Amino acid sequence: MVDEKRQDLAPEREAALQRHEQLLLRVAQSDAIDAGDLDRALAVLTEAAAEGLQLGRSSVWIYTADQAAMECLDLYLRGSHEHHTDPVQQLDAGLFPSYFRALADARTLVVADVHDHPATRELARDYLGPLGVGALLDAPIRRRGRLVGVLCNEQVGPARQFTRDEQLFAASLADTVARALDAADRRRVEDGLAHAKAALEQLDRENRALITRLRRSVERLSTPVLEVWSDVLALPIIGILGEERSAQMTERLLGELARTRARHVILDLTGLDDCDEQTAAAIGIMARAVALLGAECVLCGVRPDLARAFVDLDLDLRGMRILRDMRHALQDVVTRRAAQARPTAT
């Protein structure tokens with residue numbers, strides 16, 4: 001049916017319609033429109049507009065954030081096949097009020113002679129005239145019902161009439177520009193979210209590393225292995241001695257013992273909060289490990305409740321010296337070392 005109707009069309013119109021259809025198909029098949037790459041999308045659209053309308057210039061203008069002017073995002077010159085984006089051109093709404101009002105109320109702004117049309121007389125003097133533009137077909141760009149810009153198609157040369165088919169073609173491309181703007185906004189949001197996610201992940205990694213460093217610092221502070229005398233290490237056990245902490249404490253103590261080659265280790269239980277079977281077993285393991293490395297283990301700070309717990313739990317304390325507090329334990333070690341150092345009388 002469509003083919004039969006087209007047989008009645010003038011050859012010129014038929015050729016123009018075929019050109020429009022081919023160009024619209026090319027635009028529809030381009031991944032640039034929905035990819036969010038606005039520069040590439042606008043290049044596709046301005047080239048299609050200039051070719052489809054057989055015009056010398058096609059450009060996309062978008063309102064600035066304050067709605068005071070429009071800026072040219074892409075200008076295509078059909079004769080030289082060039083795109084221009086720099087320097088940025090701008091049209092001030094305050095200088096061309098008639099033109100901006102005409103865009104607000106039109107699906108397409110058709111001007112056969114820019115010097116004779118009330119909407120473009122202002123532009124003809126300061127903008128269109130110096131460029132040699134004699135006619136234009138502008139298609140306003142709307143997003144969610146709001147005017148955001150214009151697809152401007154300009155005839156370089158004398159006045160020219162535009163057909164209804166050409167107006168529909170230009171309007172269709174303007175709608176596609178709006179789609180490309182939406183895609184670019186989505187991409188900016190997605191990129192922003194991706195960057196924010198990457199920043200949060202980096203911050204999380206940094207926080208985890210900081211927490212690990214702080215935990216290690218706390219562990220070192222809560223498990224201070226002190227070299228209180230030559231060849232004498234002291235380990236104050238403070239708080240609750242759980243399974244994980246006792247393992248860390250034993251590892252740290254044995255590491256310091258191997259490093260310093262100390263001969264005596266004083267385990268100070270003054271600050272131990274409670275003593276259950278697991279705690280007693282941990283103290284026993286610590287003491288045996290010290291002995292296996294060839295050092296003597298001395299217990300001090302054994303309170304009456306701890307002594308009862310050791311007895312109830314049947315903790316094997318044989319071979320281990322037990323003193324009242326750290327002062328007595330250190331004094332005992334130093335005294336015995338001094339006695340061992342004195343020469344034996346003959």
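Okay, let's start at Asp231, which sits in the loop between strand 8 (226–229) and strand 9 (232–236). When I say helix or strand, I mean DSSP runs numbered from the N terminus: H or I over at least four residues for helices, E over at least two for strands. Before I go on, this is a predicted model, so local features need pLDDT of at least 70 and side-chain atom pairs count only at pLDDT 80 or more, while totals for chains, interfaces and linings use all residues. Residues are numbered from 1 along each chain as its sequence is written, and side-chain values use heavy atoms, with hydrogens and water left out.

Back to Asp231. Its phi is positive, about 70°, although Asp231 is not a glycine. Its relative accessibility is 22%, so it counts as partly exposed; buried is under 20% relative accessible area, exposed is over 50%, and partly exposed is in between, using a 1.4 Å probe and protein chains only.

His81 is another non-glycine with a positive phi, near 55°. You'll find His81 in the loop between strand 2 (69–77) and strand 3 (82–84). At 59% relative accessibility, His81 counts as exposed.

Now the inside. What do we mean by a nonpolar core? It's a set of buried Ala, Val, Leu, Ile, Met, Phe, Trp, Tyr and Cys residues joined through side-chain atoms within 4.5 Å. The largest one has 30 residues, and the members touching the most others are Val60, Ile141, Leu151, Leu173, Val177 and Leu181. Elements giving two or more residues to it include helix 2 (11–29), helix 4 (38–53), strand 6 (133–143) and helix 7 (164–222). Which element gives the largest share of this core? That's helix 7, with nine residues.

Take Leu181: leaving out residues up to four places away in sequence, it touches Leu38, Ile62, Ile141, Arg143 and Val148. Touching, or contact, means heavy atoms within 4.5 Å. Apart from this core lies another one, of 28 residues, with Leu241, Leu267, Met286 and Leu306 among them. As background, nonpolar side chains in soluble globular proteins tend to be buried together.

On to helix pairs. The axes of helix 8 (residues 243–260) and helix 9 (residues 277–292) come within 10 Å and cross at roughly 15°. That angle makes helix 8 roughly parallel to helix 9. An axis here is a line fitted to C-alpha atoms, for helices over the stretch in contact, and angles between N-to-C directions run from 0 to 180 degrees. Under 35 degrees is roughly parallel, over 145 roughly antiparallel, 65 to 115 roughly perpendicular, and the rest oblique.

Helix 8 brings residues including Met249, Leu253 and Leu257 to that contact, and helix 9 brings Ala282, Met286 and Ala289, among others. By class, the residues of this contact are eight nonpolar, three polar and one charged. For those classes, Ala, Val, Leu, Ile, Met, Phe, Trp, Tyr, Cys and Pro are nonpolar, Asp, Glu, Lys and Arg are charged, and the others, Gly among them, are polar.

Helix 2 and helix 4 also have axes within 10 Å, crossing at roughly 175°. That makes helix 2 roughly antiparallel to helix 4. Here Arg19, His20, Leu23 and Val27 of helix 2 meet Val44, Leu45, Ala48, Glu51 and Gly52 of helix 4.

Last stop, Asp274, in the loop between strand 10 (264–268) and helix 9.
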